[in-house]
Amino acid sequence: MRIIWQGLKVTFGLFLVAGLVFASSVFAVLLYAKATGKEPALFAASPIVPMAKPAAPVQAVEVSSPQPTVQTKKSAMIDAPVFAQLPELPAGCEITSLTMLLHYYGITKSKMELAAEMPKDNTPIKLNADGSPAYWGNPNIGFVGDVTRKQRGFGIYHAGLFPQLKSYIPEAIDITGESFELFEQQVASGYPVITWTTIDYNIPYKWVTWDTPIGPLQTTYAEHAVLLVGFDENNVYLNDPLSGKKQLQVNKAQFIDSWTAMGKQGLTYLKK
């Protein structure tokens, strides 16, 4: 028991000495701080580090590849051969325009050879009392009537002519309904376009309607097709099969109006 008591006294003495040393040190530091005006490092506040916000979940972002900018030219001209539909094919403006396009491509078929191969809708004509057609063929199926006009003949539209173009040029495309700017881009890229308009390049003033195997058709006898070969800011340039003129200049706004009235039809191609 005596030994334990002696040990406690020694331990207490050591704690007392350590406390006195610590107190002396603190007192000395405080005196230094008072003398210098500086906050003792022992009591300096630790910098507050803000807690980082939890990261937001990463969302997939769809990044589209940059699209190539189409450089629109203000003018262009293609030197395509011109052929006249007359005298053999008074109603053959479309097939003669196809002849020009194929020759430019490098296929030297004659207009008469192509006319013999042209798709046809042979639906017989039925007339109204006034002599106008009541029921006849549809130009979206094939040529309606007689292309030589030995009998009544009319014409053929883009959908009827396209299979024949495609049979010669696999890269053929039907751009009917597209903007006229696309037609110009085709020409600027070196590809002429078979384009539907009217004989005088004006909006038709007289329309006719008849029934067909696939439904009623409204059209005009002034329907015409040409090969679009050039343009500038104010005009278009056409190889006209009716007049036989090459690069015929026509006011652009006037032409676009007639082209729009005829359904914005166009056939061309793109080389791959």
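**Entry 1: Asn 138**

I began with Asn 138 and found a polar contact of 3.1 Å that joins its side chain to the side chain of Thr 212. I noted the meaning of the term: a polar contact is a pair of N or O atoms within 3.5 Å, where within protein one must be able to donate a hydrogen and the other to accept it, and residues adjacent in sequence count only if both atoms are side-chain atoms. I recorded that this is a predicted model, in which local features need pLDDT of at least 70 and side-chain atom pairs count only at pLDDT 80 or more, while totals for chains, interfaces and linings use all residues. Residues are numbered from 1 along each chain as its sequence is written, and side-chain values use heavy atoms, with hydrogens and water left out.

I located Asn 138 in the loop between strand E4 (133-135) and strand E5 (143-144). Helices (H or I, at least four residues) and strands (E, at least two) are DSSP runs, numbered from the N terminus. Is Asn 138 buried or exposed? Asn 138 is buried, because its relative accessible area is 4%; buried means under 20% relative accessible area, exposed over 50%, and partly exposed in between (1.4 Å probe, protein chains only). Beyond its neighbours within four places in sequence, I listed contacts of Asn 138 that include Asp 121, Thr 212, Pro 213 and Leu 217. Contact means heavy atoms within 4.5 Å.

I next looked up Thr 195, which is found in strand E7 (residues 193-198). Thr 195 is buried, with a relative accessible area of 0%. A polar atom of its side chain lies 3.1 Å from the backbone oxygen of Val 193. Not counting residues up to four places away in sequence, Thr 195 touches several residues, among them Phe 183, Val 226, Phe 255 and Trp 259.

I then followed the chain to Val 226, placed in strand E10 (residues 223-231). Val 226 also counts as buried, at 0% relative accessibility. Which residues does Val 226 touch, apart from those up to four places away in sequence? The list includes Ser 97, Thr 195, Tyr 201, Asp 240 and Phe 255.

The arc is that of the directions from the helix axis to the C-beta atoms.

In helix H5 (residues 180-188), the buried residues are Phe 180, Phe 183, Glu 184, Gln 186 and Val 187. Their arc is only 155° around the axis, which puts them on the same side of H5. Just after H5, Gly 190 takes a positive phi of about 95°.

How do H5 and helix H6 (residues 252-261) pack, and at what angle? The angle is about 115°, and their axes are 12 Å apart. Axes are lines fitted to C-alpha atoms, for helices over the stretch in contact, and angles run from 0 to 180 degrees between N-to-C directions. H5 and H6 are therefore roughly perpendicular to each other; angles of 65 to 115 degrees count as roughly perpendicular, under 35 as roughly parallel, over 145 as roughly antiparallel and the rest as oblique. Phe 180, Phe 183 and Glu 184 in H5 meet Lys 252, Phe 255, Ile 256 and Trp 259 in H6.

**Entry 2: backbone details**

Most residues other than glycine have a negative phi, and most peptide bonds are trans. I looked for departures from this.

Tyr 201 is not a glycine, yet has a positive phi of about 60°. Tyr 201 lies in the loop between E7 and strand E8 (208-210) and is buried, with a relative accessible area of 8%. Lys 264 has a positive phi near 55°. Lys 264 is found in the loop between H6 and E13 and is partly exposed, with a relative accessible area of 30%. A cis peptide bond joins Leu 86 and Pro 87, with omega about 5°. Pro 87 lies in the loop between strand E1 (76-77) and H2.
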